[in-house]
Amino acid sequence: MNWSFQLYSARNFQPWDGVLKMLGELGYNEVEGFGGVYDDPKAFRAELDKNGLAMPTGHFSIDALEKDFDGVRRIADALGVKLLICPYLMPDARPGDAAGWRGFGERLAKVGETAKKAGYAFAWHNHDFEFKALADGSLPQDHILSAAPDIGWEMDVAWVVRGGADPLPWIEKHGKRINAVHVKDMAKPGEGLDEDGWSDVGHGTIDWPGLIKALRAKSATQYFVMEQDNPNDIERFARRSIAAAKSW
């Protein structure tokens with residue numbers, strides 16, 4: 001498997017050339033981009049090439065995707081991104097009811113159509129808020145996926161769990177749409193207190209061996225992306241996580 005690494009995890013451990021060198025030496029083949037690495041795409045691509053890394057997936061804000069798709073396309077083409085991913089919706093922009101979430105799903109569907117015409121795949125990336133029940137008992141994630149039936153889903157398993165859901169039924173139901181996965185782990189009780197409750201992959205509470213088996217069997221996942229939102233030691237996280245993953 002070509003294990004990938006979400007570069008957002010390393011945002012506090014600059015410079016980027018050192019991060020990319022470390023990832024290449026540890027055995028990663030791919031990275032996933034985010035806004036913090038798009039300032040000079042050609043120069044960043046040169047650093048990727050130097051370290052034997054590819055960037056097939058990248059996160060782009062809903063604003064950029066809706067208002068400046070040509071700009072997104074220029075960045076993606078320079079870096080080699082094939083799958084465009086919308087990663088987040090700011091709290092003040094989140095709808096409060098089912099109709100609002102269906103409306104947001106329709107917006108993603110339009111972005112997906114634009115992306116497809118331009119030759120890219122497109123996906124939504126979840127956090128925990130999509131799994132918090134609305135007043136009518138329904139879930140935002142259901143409304144997003146039903147209103148945008150042709151887009152993919154980058155499933156962030158740990159955020160699904162933090163949202164109070166079991167990821168396995170979601171994999172069973174939507175596996176054909178899951179084209180990327182964030183491989184992230186949650187710390188055991190009393191651990192990871194200075195890392196927002198996250199842990200190195202394979203050293204926390206999530207059954208990753210079982211989930212990897214389910215994802216391989218029941219999903220269309222092409223990209224398995226390591227992430228830790230707030231690591232205190234990037235080399236340790238990257239090293240221990242890929243070592244655990246390779247044992248699966």
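Student: In this predicted model, are H8 and H9 roughly parallel or roughly perpendicular to each other?

Tutor: Helix H8 (residues 167–174) and helix H9 (residues 208–218) pack at an angle of about 10°, with their axes 10 Å apart. Angles under 35 degrees count as roughly parallel. The two helices H8 and H9 are therefore roughly parallel.

Student: By class, which residues make up the contact of H8 with H9?

Tutor: From H8, Pro167, Leu168, Ile171 and Glu172 take part, and they meet Leu211, Ala214, Leu215 and Lys218 in H9. Sorted by class, this contact has no polar residues, 2 charged and 6 nonpolar.

Student: Which handedness does the crossing of H2 and H4 have?

Tutor: The axes of H2 (residues 41–50) and H4 (residues 69–79) come within 8 Å and cross at roughly 25°. That angle makes H2 roughly parallel to H4. The crossing of H2 and H4 is right-handed.

Student: How many charged residues does the contact of H2 with H4 have?

Tutor: Pro41, Lys42, Phe44, Arg45 and Leu48 in H2 meet Ile75, Asp77, Ala78 and Leu79 in H4. By class, the contact has 6 nonpolar residues and no polar ones, and its charged residues number 3.

How values were computed. Residues are numbered from 1 along each chain as its sequence is written. This is a predicted model: local features need pLDDT of at least 70, side-chain atom pairs count only at pLDDT 80 or more; totals for chains, interfaces and linings use all residues. Side-chain values use heavy atoms; hydrogens and water are left out. Axes are lines fitted to C-alpha atoms, for helices over the stretch in contact, and angles run from 0 to 180 degrees between N-to-C directions. Helices (H or I, at least four residues) and strands (E, at least two) are DSSP runs, numbered from the N terminus. Angles under 35 degrees count as roughly parallel, over 145 as roughly antiparallel, 65 to 115 as roughly perpendicular and the rest as oblique. A crossing is left-handed if the near helix is turned anticlockwise from the far one by less than a right angle, and right-handed if clockwise. Contact means heavy atoms within 4.5 Å. Ala, Val, Leu, Ile, Met, Phe, Trp, Tyr, Cys and Pro count as nonpolar, Asp, Glu, Lys and Arg as charged, and the others, Gly among them, as polar.
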